[in-house]
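Dear colleague,

Please find below the structure that I am handing over to you.

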Amino acid sequence: MSIAGLRLALTVAAGLAALARGGDGGGGRGGAFELLRREAQKRRLQRQEQRAQRWLLRGDGDWGPRLEEYYCDLYGDATRCPLAELPANASNVLQTGGETRCIFDDSTPYAFQVVPGSASRLLVYFQGGGACFNEDSTELGLCSTDAAPYSPLDGILDPTDAKNPYVGYTVVIILYCSGDAHGGNVVRDYEVDGSSVVQVGQLNVQAALDWVAQQQDNGGLNAELDDLVMSGESAGSLGVQIWGADVAEQISAKRVKVLPDAFVGVFPETYTPQLIYDYGICPWFSNPNPNPNPNPDPDPDPDPDRNPKVLDEGGAREVLRPGAAHARHNKRPARA
């Protein structure tokens, strides 16, 4: 765990302890929440400073990464920035454009990161960064809100480490700034510090995958890869579990591996609909199953106000995967 992560964990623990003992001397939940909120404001200021260090305002009035990495803008067109023209074994940042974005109006533009390598072996990595699943968690800053390329690259992302089993692979890093475990497509009905809250992890991931598929079409990657490896840590671990089967459908490969790291997406069956709603993933689901809910013991105390679109409908739902209906990813986010 990083120092920043440890500091956040200790702050949250302090807030929860204050809640448990009836407040921090200032009046129950309100006092504890205020403690966490002040810490969140400090983190937002720190993120703004980090953004200024890693991004700059270009002459066209848009943000772009500072040039320690090669930078290219897709402008919503996956045919731009071909892999063959990117510097090999170096970090490249591709800004996606279109309807992709990070969670806040003042967040950086969305981008993904590419390290060109082999044309036959590909590692797709989902970045982690917490989760913002309701107004409180968003106000408390419990998720990454800017696209932050890895620098330096380490672990399985390091193209120079001889101990890395994926040295020589082309690496595509799905950066994370939507707070929805890479799965949301929703505009929230609340604001934070005057900003709308828009979580479109679905659109962000699909933009990166569309670019990868284009590389298979244009010869930058083999039409059928020898190896396709997918991994991700923390919220990215949930992301790779959400997207794994879909990525395997969209990218042709002889061998496919999925390696979730540090978060296993196994939850009580009766709570899964709540999580789907909280993360803004409802647009992935359609065609309610006409069969009754097979669970004989439903949640005895659901919260329909928090989850009206899922819990009130009852019954299981059939997953409509993005690979089976790409057009859905071009839709504007739903409101919730």
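Is Tyr-279 buried or exposed? Tyr-279 is buried, with a relative accessible area of 13% (buried means under 20%, exposed over 50%, partly exposed in between, with a 1.4 Å probe and protein chains only).

Please note that this is a predicted model, in which local features need pLDDT of at least 70 and side-chain atom pairs count only at pLDDT 80 or more, while totals for chains, interfaces and linings use all residues. Residues are numbered from 1 along each chain as its sequence is written, and side-chain values use heavy atoms, with hydrogens and water left out.

The ring of Tyr-279 pairs with that of Phe-133: their centres are 6.4 Å apart and their planes stand at 50 degrees, so the pair is tilted (rings of Phe, Tyr and Trp, the last by its six-membered ring, pair if their centres lie within 6.5 Å; planes under 30 degrees apart are stacked, over 60 edge-to-face, the rest tilted). Phe-133 is partly exposed, at 28% relative accessible area.

Strands are DSSP runs (E, at least two residues) numbered from the N terminus, and two of them pair if DSSP finds at least two bridges between them. Five bridges join the parallel strands β6 and β7, and Leu-122 stands opposite Thr-170 in β7.

With kind regards

Conventions. Helix = DSSP H or I, 4+ residues; strand = E, 2+ residues; numbered from the N terminus.
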